[in-house]
Amino acid sequence: MQFGVKLRRTSAGLLACAAVLSLAACRLDMQVQPYYRPLSESKFFADKRAARPIIEGTVAHSEIEGDTYFYTGKIGSVPGDYMPFPVTAEVLARGQQRYNIYCSPCHSEVGDGNGMIVQRGYKHPPSYNTERLLKEPLGHFFDVISHGYGVMPDYAAQVQPKDRWAIAAYIRALQLSQGASKSDVAAGQQIAPQPPAGVVVTRPYDTQAQTANPANTAGNNPSAAAATGGTNPQ
């Protein structure tokens with residue numbers, strides 16, 4: 001009786017082991033999956049070629065954007081100087097927003113190349129108002145954003161093509177604003193209002209200067225008072 005029980009238990013154990021081994025045999029890890037060596041023969045396809053021809057109409061992922069002006073900013077190999085879509089107030093507002101996020105840390109919000117990162121030691125980029133950049137076409141700025149220039153990395157992953165064009169349009173607006181004169185403003189419009197009487201406009205805070213202290217304030221420093229338009233009580 002006991003021999004029969006042991007035999008049944010042994011048989012059950014062997015069957016369980018066989019089931020586990022059979023399941024393990026069905027496993028196929030990625031590192032041992034079948035594959036064809038390059039240019040090897042295949043017995044599956046009628047032409048016996050393992051390397052299959054590309055299906056007609058297939059477009060590679062890297063070629064989805066194509067070679068149009070919208071995606072390159074160039075006419076052939078030369079940067080173009082026109083926008084691929086109309087420039088509206090919304091486009092400039094979008095360009096300003098993207099510019100302030102991605103460009104102003106180096107180029108500053110006014111485009112003079114004195115952004116906060118530059119003030120912390122990064123290489124100084126040229127001002128957009130240099131003679132060279134004033135003459136550069138819009139496609140140049142699009143291309144620089146797309147592929148980088150000098151120590152500037154590309155921003156193709158961060159900024160989509162339409163936003164790159166919006167930034168390029170905003171850069172051109174910055175250039176025009178820096179060189180604008182009263183004659184460029186419509187009649188009856190004031191370029192900038194004057195501050196009310198008694199209001200003193202101080203200079204922008206110098207992030208490279210030492211921490212302000214009472215000895216360096218306009219109230220106690222005659223030179224500082226003269227520079228800011230304040231008065232010296234002494």
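Mentor: Residues are numbered from 1 along each chain as its sequence is written, and side-chain values use heavy atoms, leaving out hydrogens and water. In this predicted model, local features need pLDDT of at least 70 and side-chain atom pairs count only at pLDDT 80 or more, while totals for chains, interfaces and linings use all residues.

Trainee: Let me start with the overall layout: how many helices and strands are there in the chain?

Mentor: Helices (H or I, at least four residues) and strands (E, at least two) are DSSP runs, numbered from the N terminus. Along the sequence the pattern reads α-α-β-β-α-α-α-α-α-α-α. The count is nine helices and two strands.

Trainee: What percentage of the 234 residues of the chain count as buried?

Mentor: Buried means under 20% relative accessible area, exposed means over 50%, and partly exposed is in between (1.4 Å probe, protein chains only). With that cut-off applied to the 234 residues, the buried share is 24%.

Trainee: Which helix is mostly covered, with nine of its 10 residues buried?

Mentor: Look at the stretch 138-147. Its buried residues include L138, F141, F142 and I145. Their cover includes α2, β1 (74-75), β2 (78-79), α6 (131-135) and α8. The helix with nine of its 10 residues buried is α7.

Trainee: Is S42 buried or exposed?

Mentor: S42 sits in the loop between α1 (2-26) and α2 (69-72). Leaving aside neighbours within four places in sequence, S42 is in contact with Y36, K48, R49 and A50. Because its relative accessibility is 0%, S42 counts as buried.

Trainee: Which side chain makes a polar contact with the side chain of S42?

Mentor: A polar contact is a pair of N or O atoms within 3.5 Å; within protein, one must be able to donate a hydrogen and the other to accept it, and residues adjacent in sequence count only if both atoms are side-chain atoms. The S42 side chain reaches the backbone nitrogen of F44 at 3.1 Å. Its side-chain partner, at 3.0 Å, is Y36.

Trainee: What is the phi of L39, which is not a glycine?

Mentor: Most residues other than glycine have a negative phi, and most peptide bonds are trans. L39 is in the loop between α1 and α2, and at 81% relative accessibility L39 counts as exposed. K48, in that loop too, has a positive phi near 65°. For L39 the phi is positive, at about 65°.

Trainee: Which residue forms a salt bridge with R94?

Mentor: A salt bridge is a side-chain nitrogen of Lys or Arg within 4 Å of a carboxyl oxygen of Asp or Glu. R94 is partly exposed, with a relative accessible area of 34%. The closest N and O atoms of this pair are 2.8 Å apart, and the partner of R94 is D163.

Trainee: Why does that pair tie together parts that are 69 residues apart in sequence?

Mentor: The two residues sit in separate helices, so their pairing links parts 69 residues apart in sequence. D163 lies in helix α8 and R94 in helix α3.

Trainee: How many salt bridges does the structure hold?

Mentor: Another example is R132 with E136, at 3.6 Å from N to O. Salt bridges that share partners also join D47, R49 and R52 into one network, where R52 and D47 meet at 2.8 Å. The total in the structure is seven.

Conventions:
Contact = heavy atoms within 4.5 Å.
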